[in-house]
Amino acid sequence: PDIILVNMGTNDLADTGISLAQFAEAYTQMLDNMLEKYENAEVFCFTLLPGRDYASTSTANGEIIIVAH
């Protein structure tokens with residue numbers, strides 16, 4: 001694919017008891033796996049639903065950053 005959309009839903013953002021560090025590690029691994037398999041695809045991550053207040057962005061060198069607000 002040329003574009004991959006990652007829409008995080010209520011199950012992804014529910015208060016599951018996992019830490020931000022655990023969430024960030026799993027989320028980053030998922031994105032790394034997609035980018036490894038589809039290295040030329042653009043990946044867009046978003047959510048339209050309220051929940052745990054996470055945001056992700058990437059730096060100029062492609063590093064993925066996940067933060068809690």
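Modeller: E42 is located in strand β2; helices (H or I, at least four residues) and strands (E, at least two) are DSSP runs, numbered from the N terminus. This is a predicted model, in which local features need pLDDT of at least 70 and side-chain atom pairs count only at pLDDT 80 or more, while totals for chains, interfaces and linings use all residues. Residues are numbered from 1 along each chain as its sequence is written, and side-chain values use heavy atoms, with hydrogens and water left out.

With a relative accessible area of 47%, E42 is partly exposed (buried is under 20%, exposed over 50%, partly exposed in between, with a 1.4 Å probe and protein chains only). Leaving aside residues up to four places away in sequence, E42 touches D2, I3 and I4; a contact means heavy atoms within 4.5 Å. D2 is 40 residues from E42 along the chain, yet their C-alpha atoms are separated by 6.2 Å.

F46 also belongs to strand β2, and its relative accessible area of 30% makes it partly exposed. Together with I3, L5 and F44, F46 forms a nonpolar patch on the surface, with about 380 Å² of accessible area in total. β1 and β2 (42–46) are the elements that give two or more residues to this patch. Patch residues have over 30% relative accessible area and no salt bridge; like charges are joined within 9 Å, nonpolar side chains (Val, Leu, Ile, Met, Phe, Trp, Tyr) within 5 Å. A salt bridge is a side-chain nitrogen of Lys or Arg within 4 Å of a carboxyl oxygen of Asp or Glu. Accessible areas come from the Shrake-Rupley method with a 1.4 Å probe, and for residues only the protein chains shown count as cover.

M8 lies in the loop between β1 (3–7) and α1 (10–13) and counts as buried because its relative accessibility is 10%. C-alpha to C-alpha, M8 is 5.0 Å from T47, 39 residues away in sequence.

As for the whole chain, the elements run β-α-α-β-β-β from the N terminus on. Of contacts with a separation of 6 or more, 66% are between residues 24 or more positions apart. Buried residues make up 19% of the 69 residues.
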